[in-house]
Amino acid sequence: MWIASAAALLAVGGCRKKSTEPAPPKLASPESVALHAMADHARLDAMRWPNFADLKKPVEDFYGAHGFEPVWLNGKKPTMQARQMMAAFAACGTDGLNPEDYDSAPSDAARDSVPADVAQHSSRWADRAGAIHTAQDRAAFDMAMTVAAMRYLNDEHNGRVNPARFNFGIDINQKRYDLAKFLTEKIISSDNVGAVLVTVPPQSNEYKRTLAAYRHWIELAKQDPGGGLPQVARQLKPGDAYAGAERMRALLVLDGDLKDDVSPTNAPDSETSQTTASKRYEPAWTTAVRHFQFHHGLQADGKIGPPTIAAMNVPTAERVHQLAIALERWRWLPDLYQNAPVFVNLPEFKLRVYSNDPMPPLPLIAGRGDGAATNPAGMADVAVVHASEQPAPADMTSDHTTIALEMNVITGKAGIKPPEKKGEQPEDHQTPMLVNLMRYLIFRPYWSVPIDITQREVLPGIAKDPDYLAEHNFEIVDRRRQTVEYSPKLDSLLLHGKLMVQQDAGDDNSLGLVKFMFPNSYSIYLHSTPTVWLFQKTRRDFSHGCVRVQKPLALAAWVLRDRAEWTPDKIDEAMNIGDDNKTVGLKQTIPVAIFYDTAYVEPDGTVDFTRDIYQYDKLLDETLALGRPYPIKPIAPVVDVHDER
């Protein structure tokens, strides 16, 4: 009986020897083999931009999480998520992007948002979807969709080109998506991809205003029949005859400067007089011309000369392109700086403080504070700042809808001077874009003259005039700031930083009476200046790189508004009769953005178009024209030639 039971147990297999052989590997599918090969080579020749080496790792991570099998297909048909992504590619022209970058063609709604040559191209997706017959076809479609989706997400969120390309002080890596994770968790599993995609671009009011203006100007471009204004031999004044008057009026109406119902003044109701009126600059248009000039960075005097004609002759399509470039740059900014309270726009020569806090009342002392120079009608007060690694508290940020202070600024000189001698660096004073946190300010600062300025300006000045140092309130100091008597033997020590040229504090100091510090690798900050008359000029690129502010007292009062002991009167005293080189720390760091936008959109929707003084727009266009993957290597080495440290 027992033997029978044991036999039965053995028969069941309880004592069967377990195999130690490993399970045979699962054979990879043909699609998996093809996807592996495509990922390894980071290239897909069927795409508009075949090379995706910059996305190699996220592509491998994405397919690694999905067993290197297709994710965008059900059999031979694109999934719902794939179809929704294709729709987003086609519509991206309305966001200032190019559908061709994602192997698409513009949708009907977006067709007028892209260049004419692009608008004629057909989408590669329809051809791909209709030609899925083999495993290789399935893999190629899937890989193309993954690469295009990653490019689209990155471009909408971070921008297409890394600002490091232009030596700008903006780190976009801190806001990059984990693209493999985002696609897996947000897109592939979503029933409503469109709802996800609207969260990808910046959510700031600045970006939204610029996007709305971009789409509005697309519509204006459709309405504009084109045509240029004839040049003028002399400035036109209201009432002067002008052959281009009719076209000028149409442009003023199109831009929103002139109401369409404004009629010529003192003109009888007759066909003859109306014909005559259309050939002269009507006095009734003067206010509109001034408005146009003011918002195009021109002298707003109502007189029409070559600069105004040149601005009016910029095609509306070019204005659309300027706004598209602005959208690209807004995508670069980290979230903390999308609504930075202290905001300077370099080509506009303007600084704005966005805040809901009212400005503290300022002392009215003749010849003191900010009274030395005033803005033209319609201008206000503003400044710039810098950042650190710590986020600012919520009450130190802004929604960029209320301007508390606005002012003119002076920025770095445009143009880069080539080296005069072998081994020298080019002379570059152009202020770069950068973001950072303001941490402290210094009243009655000394100016430690940078080595490059010592070499290019101070030492040649001494050689020509033995009294040069005294005439400019300069002295030679060592690292302990002890005065050293100058002799030509010290030149080498000055050029190697062992000694330095220092300018005494006071009214004539190049940094003025206060500087606003946001430590950065460019040695750029905000400061006041004794050359206040330069603020009255329309073009104000005069500095060696830093940003000179027109209303330093007002800016300091706003910056220190949470320090009760620092009243405007005390600030005024610190600037004029206080201790030299006095540092005052901020209770809370303040985000500052030094921006470059030739099409800046104000809170009321008005667009301020300006000239591309530093050619930063041109450089961005040239980089985009190189195609993907866009180069990251800086165009030129960073040149530290800034005058204010």
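Leaving aside neighbours within four places in sequence, Lys587 is in contact (heavy atoms within 4.5 Å) with Asp562 and Arg563. The model is a predicted one, in which local features need pLDDT of at least 70, side-chain atom pairs count only at pLDDT 80 or more, and totals for chains, interfaces and linings use all residues. Residues are numbered from 1 along each chain as its sequence is written, and side-chain values use heavy atoms, with hydrogens and water left out.

Along the sequence, Lys587 and Asp562 are 25 residues apart, while their C-alpha atoms are 7.4 Å apart in space. The side chain of Lys587 reaches the backbone oxygen of Asp562 at 3.4 Å. With 60% relative accessibility, Lys587 counts as exposed; exposed means over 50% relative accessible area, buried under 20%, and partly exposed in between (1.4 Å probe, protein chains only).

Lys587 belongs to strand β17 (residues 582-595); helices (H or I, at least four residues) and strands (E, at least two) are DSSP runs, numbered from the N terminus. Two strands pair if DSSP finds at least two bridges between them. Strand β8 (residues 434-443) pairs with β17 in the antiparallel sense over 9 bridges, and here Met438 stands opposite Ile590. Strand β3 (residues 342-345) runs parallel to β17, joined by 4 bridges, with Phe343 opposite Ala593.

Turning to helix α8 (residues 179-188), its buried residues are Leu179, Ala180, Phe182, Leu183, Ile187 and Ile188. These residues lie on the same side of α8 because they cover an arc of only 160° around the axis, taken from the directions from the helix axis to the C-beta atoms. They pack against α3 (56-64), α4 (80-91), α7 (135-158) and α9 (193-197).

Conventions:
A polar contact is a pair of N or O atoms within 3.5 Å; within protein, one must be able to donate a hydrogen and the other to accept it, and residues adjacent in sequence count only if both atoms are side-chain atoms.
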